Structure formats: structure tokens, C-alpha cells
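Hi everyone, thanks for coming. Please take a moment with the structure on the screen, and then we'll walk through it together.

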Amino acid sequence: MFDSSISSDYLTFYSKINLTNMKSKEELMLMWLIVGTAGLILTITYPPIILLGVVGYASWSLWKHYTV
């Protein structure tokens with residue numbers, strides 16, 4: 001998998017990446033399409049969901065910033 005001419009610094013960097021859990025571009029696009037469609041439907045049926053989403057995202061970002 002790795003070229004033998006690659007230095008050990010690169011191997012330690014790449015060994016930290018879990019290559020088995022990487023998704024293909026098609027899977028990622030399908031996931032974004034599903035999330036976008038669900039978000040659009042939720043926004044049309046219940047517009048205050050945008051406010052809840054923004055507040056939830058800000059809360060999650062602050063939580064990650066101060067706990068990690």
C-alpha cells in the first residue's frame with residue numbers, strides 16, 4: 001500500500017488516518033442530498049426549525065471548544 005521510499009514521518013501521519021471508514025464520493029453526495037432534502041421539508045413545514053438549528057449548532061460548537 002505504501003511506497004518504500006516514503007519517510008517514516010509520512011507513515012506516522014498516514015497511519016493515524018482510518019482508511020477503512022472513509023466513504024466514497026457517491027456515498028457522501030447521497031448523504032448530503034438526504035440531509036438537504038430533509039432540512040428543506042422541515043423548513044417548509046416548521047420554519048422555526050432554522051432558529052433551533054442555528055442555536056443548536058452554536059451550542060455544539062461552544063461545547064466542543066471548551067470541553068475538548
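Accessible areas here come from the Shrake-Rupley method with a 1.4 Å probe, and for residues only the protein chains shown count as cover. The accessible surface of this protein is about 6,600 Å², and carbon and sulfur atoms hold 71% of it.

This is a predicted model, where local features need pLDDT of at least 70, side-chain atom pairs count only at pLDDT 80 or more, and totals for chains, interfaces and linings use all residues. Residues are numbered from 1 along each chain as its sequence is written, and side-chain values use heavy atoms, without hydrogens and water.

The pLDDT, the predictor's confidence in each residue from 0 to 100, averages 80, and 68% of the residues score at least 70.

How many helices does the protein have? Three, with zero strands; helices (H or I, at least four residues) and strands (E, at least two) are DSSP runs, numbered from the N terminus. Confidence is lowest in helix α1 (residues 8–15), with a mean of 54, and highest in helix α3 (residues 49–67), at 93.

Now Met31, in helix α2 (residues 25–45): its relative accessible area is 39%, so Met31 is partly exposed, meaning between buried (under 20%) and exposed (over 50%) with a 1.4 Å probe, protein chains only.
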